[in-house]
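Trainee: I am new to this structure and would like a close look at a single part of it. Please take me through that part slowly.

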Amino acid sequence: MDIPQIGFGTWTLKGKECIEAVKEAILLGYRHIDTAQMYGNEIEVGKAIKESNINRKDIFITTKICAPNTTYELTKKAVFQSLENLGLDYIDLVLIHEPYSTFTEMYKALEELKNKGIIRFIGVSNFNKQEILKLLKNCAIKPYVNQIEMHIFYQQENYRSFLHELGIRVVAWSPLCANPKEIIDNLILTDISRKYYKSNVQIALKFLLQNDVVIIPKTIHKDRMKENLNIMDFSLSNEDIEKIKLLDQNKSKFGWYY
Ligand SMILES: NC(=O)c1ccc[n+]([C@@H]2O[C@H](COP(=O)([O-])OP(=O)(O)OC[C@H]3O[C@@H](n4cnc5c(N)ncnc54)[C@H](OP(=O)(O)O)[C@@H]3O)[C@@H](O)[C@H]2O)c1
């Protein structure tokens with residue numbers, strides 16, 4: 001199973017709320033869940049998967065390894081901890097959460113676990129161009145994805161093309177800017193959304209999908225889960241894509257620079 005283009009983000013979800021939200025998302029049709037050791041919710045994500053009775057093979061789980069587990073040995077240990085937390089015997093995708101100075105040894109540990117079948121795909125998150133080039137010089141397995149901040153106000157068109165040309169998938173974190181108010185209030189998006197009988201949020205997410213980007217929006221609300229998923233039945237015209245391109249502010253909303 002390749003990475004589904006629409007996933008469900010879980011940052012900030014905790015405890016019972018996390019279990020319920022992930023179960024609801026699976027029930028509605030999400031087949032890709034994004035978690036991380038940093039979020040402190042792998043146990044809840046694992047419980048939700050179990051309780052949803054979904055066939056393990058039909059769901060794609062991403063987790064991420066972070067500091068202080070930044071050595072070769074600690075990275076391996078951390079992956080086994082994630083397996084235990086999630087209650088799984090393999091993980092679909094494991095990422096290095098940030099470009100720690102030791103990322104090449106961390107990546108080597110991930111390569112070995114991939115070769116043993118414990119992880120299906122390996123990748124990185126928040127890596128810039130130089131870090132990707134350094135990794136490519138020092139690795140045997142090309143990263144499957146780079147998960148980076150991306151939304152209509154920070155489109156990163158050049159960096160996205162660079163990654164795509166290398167055959168590295170782009171996963172957009174905070175595809176709704178972590179707070180969609182600016183998207184909802186945007187009059188250009190409102191104008192476009194009326195044509196397609198869709199919401200501004202759906203137009204903003206569809207723009208990413210049409211640029212071959214994987215999205216992982218997070219919400220605790222069932223109606224919004226449906227809304228974020230219900231974007232496969234239309235296509236933005238080239239003219240509207242060009243209008244949305246002009247909304248790019250070329251600046252991270254969270255202080256990340258690539
Ligand atoms: N790799 C990294 O370093 C990194 C960094 C940040 C995030 N991530 C991942 O990316 C995922 C998504 O990013 P994010 O959680 O920062 O933000 P996001 O998905 O861009 O936005 C989430 C916010 O939008 C609201 N929302 C969602 N759907 C909506 C809709 N249809 N209408 C109106 N409001 C809506 C949610 O509110 P409600 O919940 O109240 O509906 C929440 O406040 C995270 O959960 C995490 O898995 C990764």
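Which order do the eight strands of the open sheet have, and is their pairing parallel or antiparallel?

Mentor: This is a predicted model, in which local features need pLDDT of at least 70 and side-chain atom pairs count only at pLDDT 80 or more, while totals for chains, interfaces and linings use all residues. Residues are numbered from 1 along each chain as its sequence is written. The eight strands of the open sheet follow the order 1-2-3-4-5-6-7-8, and their pairing is parallel. Strand 1 (8–9) and strand 8 (213–215) stand at the edges with a single partner strand each, so one side of each has no neighbour in the sheet. Here strands (E, at least two residues) and helices (H or I, at least four residues) are DSSP runs numbered from the N terminus, and two strands pair if DSSP finds at least two bridges between them.

Within this sheet, strand 4 (residues 91–96) and strand 5 (residues 119–125) pair in the parallel sense over five bridges, and Val94 has Ile122 of strand 5 as its bridge partner. Helix 3 (residues 72–86) lies across strand 3 (60–65), strand 4 and strand 5, and runs at about 140° to strand 3; axes are lines fitted to C-alpha atoms, for helices over the stretch in contact, with angles from 0 to 180 degrees between N-to-C directions, and two residues are in contact if their C-beta atoms, placed from the backbone, lie within 7 Å. The sheet belongs to a chain with 11 helices and eight strands.
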